[in-house]
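Please consult the sequence and the model alongside the text.

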Amino acid sequence: MSLPILYSYWRSSASYRVRIALALKGIAYENHPISLINDEQKSTAYLAQNPQGFVPTFITATGEILTQSIAIIEYLEEIQPHPALLPTKAGKAAHCRAIAQIIACDIHPLNNLRVLKKLTRELCISDTAKNEWYAHWIYQGFTAIEALLPTILTDGPMSMGDTPGYLECFLIPQIYNAKRFNLDLSPYPILTQLYTVALNHSAIQAAHPDKQSDCPPK
């Protein structure tokens, strides 16, 4: 049986989420980079697999084509329950999913590359205004997440105690994005402490954008 394939872009936070989940599960895969900068996601061949033209796209070992990071991560959790990504307590698992949805549904769609291109190239807003837009949605989401995290971090510094899980699959890439835009995260001490601890985990390190084959040389 062939390895599953992940079509991703090194700095795509949605791709980063799935890479973390795959690393936490210990699932080997082939990475096929798709350059969003060069619009490779708009090619006829890629659109045949992912009609939205987004990354990631995940092709399972049996040839099923899956899209959308939440769906892919939950698929991985279902086909390989161990190690688990979600807490066993239903309420705590629901809180993890809620934070994931704040990121994937409320922050990321407003700040992803295609939206930023629309703002600057077609609506002609300035870089300053674009950065203010970007910061607004992150700060709004992070304020809610900071308030919710204590309900989850009751057994250790991360959502699964001493190990990252479903929550970190979403939160770590979003914090990475915030830092890339030099946002002030000092109002979020719980969030930043979790990030600091999680960065020491081997799965988070392996999934990091800088470790990807399509990451440009520094």
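Glu122 and Lys118 join their side chains in a salt bridge, with N and O 2.7 Å apart; the term denotes a side-chain nitrogen of Lys or Arg within 4 Å of a carboxyl oxygen of Asp or Glu. The model is a predicted one, in which local features need pLDDT of at least 70 and side-chain atom pairs count only at pLDDT 80 or more, while totals for chains, interfaces and linings use all residues. Residues are numbered from 1 along each chain as its sequence is written, and side-chain values use heavy atoms, with hydrogens and water left out.

Both Glu122 and Lys118 belong to helix α5 (residues 113-122), where they stand 4 residues apart, about one turn of the helix. Helices (H or I, at least four residues) and strands (E, at least two) are DSSP runs, numbered from the N terminus. Glu122 is exposed at a relative accessible area of 55%, whereas Lys118, at 41%, is partly exposed. In these terms, buried means under 20% relative accessible area, exposed over 50%, and partly exposed in between (1.4 Å probe, protein chains only). Salt bridges with shared partners also connect Asp39, Lys42 and Lys117 in one network.

The whole structure contains 6 salt bridges.

| Pair | Closest N to O distance |
|---|---|
| Lys25 and Glu77 | 2.4 Å |
| Arg97 and Glu74 | 3.4 Å |

Lys25 pairs with Glu77 at 2.4 Å. Because Lys25 lies in helix α1 and Glu77 in helix α3, this pair ties together parts 52 residues apart in sequence. Both Lys25 and Glu77 are buried. Other buried residues of α3 include Ser69, Ile72 and Tyr75, and the cover over the buried residues of α3 includes α1, β3 (57-59), β4 (65-67) and α7 (166-180).

Asp155 is exposed at 59% relative accessibility, while Lys92 is buried at 10%.

The domain assignment divides the chain into domain 1 (5-83) and domain 2 (90-204); such bounds come from an automatic or database domain assignment. The centres of the two domains, taken over C-alpha atoms, are 20 Å apart. Contact, defined as heavy atoms within 4.5 Å, involves 17 residues of domain 1 and 21 residues of domain 2. About 1700 Å² is buried between the domains, and carbon and sulfur atoms give 69% of this area. Buried area is the accessible area (1.4 Å probe) that two parts lose on being put together, summed over both. Tyr16, Arg17 and Leu24 supply 34% of the area that domain 1 buries against domain 2, more than any other three residues.

Between the two domains there are 2 salt bridges. On the side of domain 1 that touches domain 2, α1 (13-25) and α3 (69-79) each supply at least two residues. The largest share of that side, 7 residues, comes from α1.
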